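Let us walk through this protein step by step. Keep the sequence and the model side by side as you read.

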Amino acid sequence: MCDHMRKWEHEHEWLREMERLAEMQHEAESILMSANTNFNDDKMELSDKEVECAIQREEVQEVHHSPILSDQKSPMKMHVKHVHEVSTEETDSEIDANGGIGAEYWTTKDNIAERGKPGGLSTAKLPDTITDSVLFVRQLGERYIWIDALCIIRDDSQDKFAQIHDMDLVYGLSYLTVIAAGGTTARDPLPGCRPQTRTQQHIEVVQGLHLYAAPPRLKEALALSAWNTRCWTYQECVLSRRRIYFFEHQVYFECQFDVLCEDVIAESKCDSTNFLKYSRAEYFPQSLDPFTSYMMAVKQCARRNLTVESDIVDALTGVTNALAKAFGLGDPDRAFRYGMMLTDLHHALLWQHNPHTPRTRRSLPDGCSLPWPSWAWATWCGAVDYMSEHRYLVTYPEDAWLVDYFAKPSVVEMFVDPWYIVDHSGVILQLYVRRGSRRVVLIRETEGEATYSPPGGIIDSTEITPDIHRALDPGTLIFRTTSSHFAIARRRGEESHPSIHHGLFDILSASSPPTWVGTAVLPLDVALPTSLEFIVLSRTGILGAYDEERIEYYQECLLHVMAVSQNGNLMERVGLGVIHEVAWIASGAEERIVFLR
């Protein structure tokens, strides 16, 4: 009961903070009103299967439901369309055998000039989702609509890049986002927008009473939808101020503070106590801590589906841009690289592969010839997790309850400073990484034991280039730390199953007999050597990850380490683990400059 009360208090504290931020946005109202009248009426944008619409209102009366405090003006190059210039007559769109559905109505370099003219879309063969969305916007009395399937020039890489990097503004500054959550393709109508487009309710008469099964609540309906499995749709949900979801049985409305639907009358002019809002979808930011909000977004996006695997970072760019602006992290292109939050790199590096995900690299984006770095989660296909250090305790399935999947990895002392990265032009830049560690006071029963002291200082220019006889690849991390070798052995009792691709390994000392000094999560799909090199990153603390009978426990006695492989003087990430501080010092760890690729 106490846990439930704390959770309830935390949620209400978060809502109060959001309301406080909302009151500060009255000044932003005039910005939004002027920005939305600056849209060009002569171009449009595009996507493919997930067709959703951001309605741009000419006069924005309310801004207090915006999920983030934004003083950003609408992107000047954004293309919208006047809804009265789009024909909503029924059309028969054919499936292009080569391009699939979407190819026949995409905007391209060949048709952008024609479509930019007044009435230029009237002759286009638009699918039902789009024509119904235009009809719906007209019924609302709004004038402009942004449709991703029309407004991005599909074969123009520069236009696509610009639009993708403005998605936080498209959704964050729009009056309303219309989501066709009940459909599976762009050819499906918006249920209920026109007659005969909605599934009829099944009604039974029992003893004179008319009964029917109520539609699911919003969260349940989304969980069953194909829309909610797509990576690109995550940013639509979390960044939009207001959302209308069209499902086959009913329509749901959601804003930052409430959820309404057709089968329940729950409107209120005062502070809502509507039970429906507890079934709401994703929201943003999910925490007042920037890394926690980032972590939750990564965990959601990485487990969703992508037609093109290399789109993963682009699909998250709207969210990372919004994070950078909301929390003052600086230029989003410098705060985030390869999907990684560089301003909180000490935490960001502590991601784990989902155990059921093979260790497979993603395909590279078009025009990219060099592989993405191994230390970035976006380099690898499939779901990833950020979780507490209790992950190192789960040997048996019945122990899974020990892991707090909503807690971020704990870092109480940061050992690396400064960090450097090789940018896209080959220039080595020093990173801005927030310092959040505190002074660690270690309380031990045994006096006189040494405490790990990380090497520090600016890396000299003579040390910053490895002897590899070629230029460093973009994305290479450079930092000073210590490294050591330890034997490894698969944890006894670890579940073995073809669907398990990452498992627990004991880290063993070099003494005879060897002592269990730590735990690592390592891939099972590759043949690992009997010993691995580890580099130390930061300090944490947990019980049960080493032999407590032979090594003394004291608070925060464990160190976060990364298992690495080495090719020449370049390192690559293999896995992640924790090692007892005493064992790390006893191993004779050596200082070195790491070039992590």
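Start at W584, which is buried, with a relative accessible area of 0%. Buried means under 20% relative accessible area, exposed means over 50%, and partly exposed lies in between, using a 1.4 Å probe and protein chains only. F486 is buried as well, at 4% relative accessibility. The rings of F486 and W584 have their centres 5.9 Å apart and their planes at 20 degrees, so the pair is stacked. Rings of Phe, Tyr and Trp (its six-membered ring) pair if their centres lie within 6.5 Å; planes under 30 degrees apart are stacked, over 60 edge-to-face, and the rest tilted. Helices (H or I, at least four residues) and strands (E, at least two) are DSSP runs, numbered from the N terminus.

A word on the source. This is a predicted model, with residues numbered from 1 along each chain as its sequence is written. Local features need pLDDT of at least 70 and side-chain atom pairs count only at pLDDT 80 or more, while totals for chains, interfaces and linings use all residues; side-chain values use heavy atoms, with hydrogens and water left out.

How many aromatic pairs does the structure hold? There are 14 aromatic pairs. Take F136 and F246: their ring centres are 5.3 Å apart and their planes stand at 85 degrees, so this pair is edge-to-face. Here too distant parts of the chain are linked, with F136 in helix α4 (residues 128–140) and F246 in strand β7 (residues 242–246), 110 residues apart. F136 is buried at 12% relative accessible area. F246 is buried at 4%.

Rings also meet charges. The charged end of R154 sits over the ring of W106, 4.3 Å from its centre. To count, NZ of Lys or CZ of Arg must be within 6 Å of the ring centre and within 35 degrees of the ring normal.

Next comes helix α10. It covers residues 290–302, and its 13 residues should span 18 Å at 1.5 Å a residue; the end C-alpha atoms are 18 Å apart, which agrees. The expected span is 1.5 Å times one less than the number of residues. Is α10 enclosed or open? 12 of its 13 residues are buried, so α10 is largely enclosed by the rest of the structure. Among the buried residues are F291, Y294 and C301. The cover includes α9 (233–239), α11 (312–326) and β10 (336–337).

Now look at I458, in the loop between β16 (428–430) and β17. Is I458 buried or exposed? At 60% relative accessibility, I458 counts as exposed. Leaving aside neighbours within four places in sequence, I458 is in contact (heavy atoms within 4.5 Å) with P418, Y420 and R480. P418 is 40 residues away along the chain, yet the two C-alpha atoms are separated by 6.6 Å.

Finally, step back. The protein has 14 helices and 23 strands. Buried residues make up 54% of its 597 residues. Among contacts between residues at least 6 apart in sequence, 73% join residues at least 24 apart.
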